[in-house]
Amino acid sequence: MTLAPVERLKQPERSKPGEKAPPPDDARLLYTGADWDYDTVKRCHDAIQEIALGELGLDVYPNQIEVITSEQMLDAYASIGMPLLYRHWSFGKHFARDEAMYRRGMRGLAYEIVINSSPCISYIMEENSITMQALVIAHAAFGHNHFFKNNYLFQQWTDAEGILGYLDFAKAYIARCEERYGQQLVERTLDAAHALMNQGIHRYPRRRLDLQSEARREQERQEVQRQLYNDLWRTVPTKKGLKAPSDEERRRALLDLPEENLLYFLEKKAPRLAPWQREVLRIVRHVAQYFSPQRQTKVMNEGCATYVHYRIMTRLHELGRISDGAYMEFLHSHTSVVFQPSFDDPRYSGINPYALGFAMMQDIERIATNPTEEDRAWFPGYAGSGDAMAALRDAWANYRDESFILQYLSPHLMRKMRLFHLHDDSDESVYRVSAIHDERGYRRVRQQLAAQYDFSSLDPDIQITDVDLAGDRRLILEHKVQKGVLLAEEDAKAVLQHVANLWGYDVLLFENDDAGNTLRKLTVPARTILLAE
Amino acid sequence: MSSMIIVDRRSNPKGKSLANRQRFIRRAKEQILRAVNGASSNRRIKDVESGADISIPTGGISEPTFHRSGQGGIRDHVVPGNKEFMEGDTIAKPPGGGGAGRGNEGSPDGGGEDEFRFVLTREEFMDLFMEDLELPDLAKRKLKAADAVLWQRAGYSSSGSPTNLNLVRTMRNSLSRRIALKRPKTEEMLALEAEIAELEAQPGKDPDRLMELRGLLERQVLRSKRIPYIDPIDVRYNRFTPIPKPAAQAVMFCLMDVSGSMTEHMKDLAKRFFMLLYLFLTRRYKQVEVVFIRHTHEAEEVDEDTFFHSTETGGTMVSTALEEMKRIIKERYPVADWNIYGAQASDGDNTTSDGGRTAALLEHDLLPACQYYAYVEVGSDPDSMPAGFATHARETDLWRTYKQITGTETPFVMKKVRHRREIYPVFRELFARDGAKQSEEATP
């Protein structure tokens with residue numbers, strides 16, 4: 001699965017806690033030294049909470065902080081950060097890879113994992129120093145927590161109260177299916193569903209999700225089925241000579257086509273799936289939907305959490321509640337988290353969401369409290385309003401990455417980060433710099449950067465457009481090709497194979513450009529490996 | 001003020017992802033097995049034992065998704081760190097790049113990986129490595145002396161040492177006896193005493209009642225004295241019974257010809273074979289001892305280092321080594337107590353006159369004592385030989401000698417190995433579950 005994992009704060013190469021100046025005799029200090037215990041963690045949490053709720057005006061779910069070992073952290077990683085996700089080999093694979101990389105020192109462990117649930121669960125690792133624990137609490141338990149609770153996408157698409165209960169149900173349900181229908185069949189169904197996870201998301205709201213009632217709903221459905229069952233139906237003779245095939249319009253209306261949520265369509269309409277397989281698809285779909293806001297708010301979510309932890313730790317230091325040494329340790333981690341190498345740096349691997357997010361939040365603070373003439377012209381809404389937190393809370397609540405960047409990225413920051421737009425046409429032998437951080441380029445750079453975080457750049461636009469009901473029941477999909485970039489063929493074929501297995505009949509994918517010309521056609525015949533006897 | 005909860009999860013059971021890991025290994029088993037076999041033929045066996053870094057092709061374990069290809073079309077990137085570019089500037093594409101995206105864009109999670117690398121634990125590795133192998137003839141597991149006794153719980157007894165007292169049983173018996181014999185309860189007696197004390201405190205209030213109560217109390221005290229709280233017949237002890245423990249111990253004899261004709265390559269092959277056998281035995285037996293015997297025209301027992309590394313010169317008399325083995329068995333490893341395995345490696349040279357004696361020693365003295373005896377004939381590396389020169393070598397002296405023994409109902413096998421990649425297959429052949437004679441009561 002290529003889900004955006006739960007938010008992680010990366011560990012810098014190797015921070016060395018511990019070596020600190022001798023404890024000053026200031027009674028206001030929350031702690032001295034590097035070791036932590038429950039009392040200090042609690043003290044830190046209370047001090048942080050005072051600042052977060054009092055001074056920053058954050059609004060959070062109740063917090064639950066869980067202490068785990070590094071091995072458990074790896075465990076949690078493997079199952080996309082969820083503590084009780086169902087069992088599947090791919091999680092074992094991720095664990096094996098993460099572990100190998102961790103052992104070889106190629107990758108540091110995250111300091112924390114935070115779960116969008118109520119109570120909001122943050123994991124902290126026992127190996128970390130108390131300064132790091134304070135940082136994690138400020139970052140996850142208040143920064144991310146506030147974002148989860150207030151951002152409109154999370155409010156619309158996730159159910160923080162219900163998620164843990166739902167995962168419980170999902171795990172038990174899939175375990176039961178494995179018992180009843182065999183591990184292999186369940187595994188294959190899950191494989192197919194996972195391949196379509198990114199195409200299993202509703203993009204536009206339909207109804208409020210209520211995960212708590214999911215388990216009940218499934219039971220009720222089974223009960224109704226049981227009650228309605230009548231063996232007589234089996235003996236009713238089938239109608240001879242079906243009506244002439246309805247026209248395309250009618251058929252598509254009947255099937256609610258086109259449909260971009262492939263998992264949803266297959267769950268509802270695939271003719272040959274067993275009821276439990278539909279439920280499995282549904283579970284995977286819900287998990288994908290639960291994570292979809294995180295994929296769309298990476299920059300904002302991290303920016304929010306990083307800004308919050310920076311404000312809080314700085315405030316704690318100002319108040320004399322943490323020592324200079326602890327503050328230096330914090331700054332060391334903080335700066336390595338928000339480090340953004342230039343494009344020509346060997347360490348460059350795209351824009352660091354922490355760096356961009358944090359810089360934008362600081363920029364908003366600057367514009368609200370100390371704007372220049374340019375800022376006033378660009379952001380008349382809040383420039384000079386004096387209340388940075390109000391502006392930030394408003395942004396955190398009402399935007400996702402794409403709209404946030406489009407709305408808030410300032411010329412000042414573009415100059416500071418020296419952003420420029422590079423145009424790469426495969427027919428040309430050169431890259432073109434089509435906009436830079438100057439008067440003519442600001443808007444274009446901003447638009448392009450925002451577009452990078454849009455749905456359409458995250459996932460290719462693939463829809464189910466038709467089913468050949470009259471003929472061989474072939475399922476027809478369309479990929480709306482943007483800018484001439486086709487799908488990676490090998491993977492696309494493998495995924496189509498999964499689609500065909502779920503659908504039960506052949507699958508055909510057209511890759512069409514804007515004008516409707518077909519650039520490529522992929523056909524995959526169905527295999528019957530998913531059909532139970 | 002804090003509504004925060006801290007939960008310590010550190011003591012939660014470890015390896016929550018174990019089930020996932022097992023599923024993953026089962027899923028990728030075929031590839032992993034191939035990689036394990038590859039690892040074992042290319043690496044030092046010693047390294048193999050410590051688990052392994054395994055790298056397998058992503059074939060059966062890929063997780064495909066719909067994503068855009070890295071090639072073709074038009075791409076737009078916004079990147080940081082502009083130093084000298086102005087709008088309209090062009091940058092030459094790196095040769096061969098063919099319009100691929102910059103940085104990591106365009107290749108989503110894991111899309112570009114060809115090989116999947118991870119670490120197998122020692123257990124997992126050995127499980128796969130030794131899969132389908134079986135030690136032949138495990139039948140002999142004679143009971144050793146008294147020290148190999150396992151004590152096992154076996155119900156209760158009415159006699160025993162105080163440390164084995166079973167309190168629950170004892171009290172249960174005591175309770176039922178007290179109920180059956182109507183021993184007065186302490187509370188009842190206390191209540192009586194209290195009532196008496198109350199009446200005594202107000203003299204003359206109800207003398208008859210007082211009298212009656214006193215009589216009752218006296219009877220009860222008497223009764224409780226006659227019926228003890230715990231009687232010796234209540235007492236129960238945990239009973240333990242000795243179960244003779246099978247002496248699952250083995251000794252492995254490594255015999256090797258170290259005369260001048262044995263090249264480093266041959267010794268290396270032999271070593272690999274011995275190591276494999278050792279690993280295999282350690283998985284089957286708790287305790288495995290190894291005896292190294294090297295021989296030229298005379299044999300001696302040596303330590304491991306000398307065995308593999310020092311060179312000797314001299315003729316070749318295989319019988320001397322067998323003689324030495326026989327002597328050591330007699331002295332230190334009584335056949336009744338030990339599972340004896342023999343492994344011999346040689347280039348096949350032997351003094352012609354020694355043939356009869358060697359065969360006789362093996363057949364009449366050693367094989368009856370051994371669980372299994374394997375002879376591996378190591379040859380020169382066929383790859384390093386001039387073409388047309390090697391391969392169909394004639395049968396060696398020792399091979400001819402031993403050939404008379406195989407085929408009969410003896411725990412004896414012989415194989416030829418020329419290249420290190422053949423070691424593992426040959427080893428598997430020797431111990432393959434079906435190939436070897438199975439004993440009725442296998443498994444240690």
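A residue is called buried if 20 or more other C-beta atoms lie within 10 Å of its own, exposed if 12 or fewer do, and partly exposed in between, with the C-beta atoms placed from the backbone. The structure is a predicted model, in which local features need pLDDT of at least 70 and side-chain atom pairs count only at pLDDT 80 or more, while totals for chains, interfaces and linings use all residues. Residues are numbered from 1 along each chain as its sequence is written, and chains are lettered from A and ligands numbered from 1 in the order in which they are written.

## Backbone features in loops

Because A:Arg418 has 16 C-beta neighbours inside 10 Å, A:Arg418 counts as partly exposed. A:Arg418 has a positive phi of about 55 degrees, although it is not a glycine, and lies in the loop between helix 18 (411-417) and strand 4 (420-425) of chain A; here helices (H or I, at least four residues) and strands (E, at least two) are DSSP runs, numbered from the N terminus.

In chain B, the loop between helix 5 (167-180) and helix 6 (186-201) holds B:Lys182, a residue other than glycine whose phi is positive, near 55 degrees. B:Lys182 has 9 C-beta neighbours inside 10 Å and therefore counts as exposed.

A:Ser118 and A:Pro119 are joined by a cis peptide bond, with omega about 0 degrees, and A:Pro119 is found in the loop between strand 2 (112-115) and strand 3 (120-125) of chain A.

Axes are lines fitted to C-alpha atoms, for helices over the stretch in contact, and angles run from 0 to 180 degrees between N-to-C directions.

| Helix pair | Angle | Axis distance |
|---|---|---|
| Helix 4 (130-150) and helix 13 (324-337) of chain A | about 60 degrees | 9 Å |
| Helix 17 (401-408) and helix 19 (442-452) of chain A | about 170 degrees | 8 Å |

Angles under 35 degrees count as roughly parallel, over 145 as roughly antiparallel, 65 to 115 as roughly perpendicular and the rest as oblique. With an angle of about 60 degrees, helix 4 of chain A is therefore oblique to helix 13 of chain A. Their contact (C-beta atoms, placed from the backbone, within 7 Å) involves A:Thr131, A:Met132 and A:Leu135 of helix 4 together with A:Ala326, A:Glu329, A:Phe330 and A:Ser333 of helix 13.

With an angle of about 170 degrees, helix 17 of chain A is therefore roughly antiparallel to helix 19 of chain A. In this pair, A:Glu402, A:Ile405 and A:Leu406 of helix 17 meet A:Arg446, A:Gln447, A:Leu449 and A:Ala450 of helix 19.

How values were computed. Two residues are in contact if their C-beta atoms, placed from the backbone, lie within 7 Å.
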